[in-house]
Amino acid sequence: VAALEQAIDRAEAELSPLSTFVLPGGSAGAAHLHVARTVCRRAERSLVALSRIETVPPLLLQYLNRLSDLLFVMSRWVNKRGEGDVLWTPGKNR
């Protein structure tokens, strides 16, 4: 988890702060990272559901949460080097 947080911090240091939502897309690499993040979030939700009936080590939930955050930041990092993020604009992205 600490290594994931360090990687997130390194990548975020090169990115501008967000002022709106980022939509999945941009370059092909970033789009693949967004898909991986979606799969990771699904695994996280499944693990939360499992934790309601079985004992789940909290570290597993922390890891999946930080991994999905890293995948999001990496998609932005990849887009910065290519096509740029696809930003949500109220009333425009429908």
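The legends below describe views of a single predicted chain.

**View 1. Overall fold of the chain.** Three helices and two strands are present, arranged along the sequence in the order α-β-α-α-β. Helices (H or I, at least four residues) and strands (E, at least two) are DSSP runs, numbered from the N terminus. The C-alpha trace spans about 45 × 30 × 25 Å along its principal axes. Residues are numbered from 1 along each chain as its sequence is written. In this predicted model, local features need pLDDT of at least 70 and side-chain atom pairs count only at pLDDT 80 or more, whereas totals for chains, interfaces and linings use all residues, and side-chain values use heavy atoms, without hydrogens and water.

**View 2. The largest nonpolar core.** Seven residues form this core: Leu4, Ala7, Ile8, Ala11, Leu15, Leu70 and Val73. Helix 1 (2-12) and helix 3 (58-80) each give two or more residues to it, and the largest share, four residues, comes from helix 1. A nonpolar core is a set of buried Ala, Val, Leu, Ile, Met, Phe, Trp, Tyr and Cys residues joined through side-chain atoms within 4.5 Å; buried means under 20% relative accessible area (1.4 Å probe, protein chains only).

**View 3. The second core.** A separate core of five residues includes Cys40, Val56, Leu64 and Leu71. Of the 94 residues of the chain, 24% count as buried.

**View 4. Contacts across the sequence.** Of the contacts (heavy atoms within 4.5 Å) between residues at least 6 apart in sequence, 79% join residues at least 24 apart.

Definitions and conventions:
Buried < 20%, exposed > 50% of the residue type's maximum accessible area, 1.4 Å probe, protein only.
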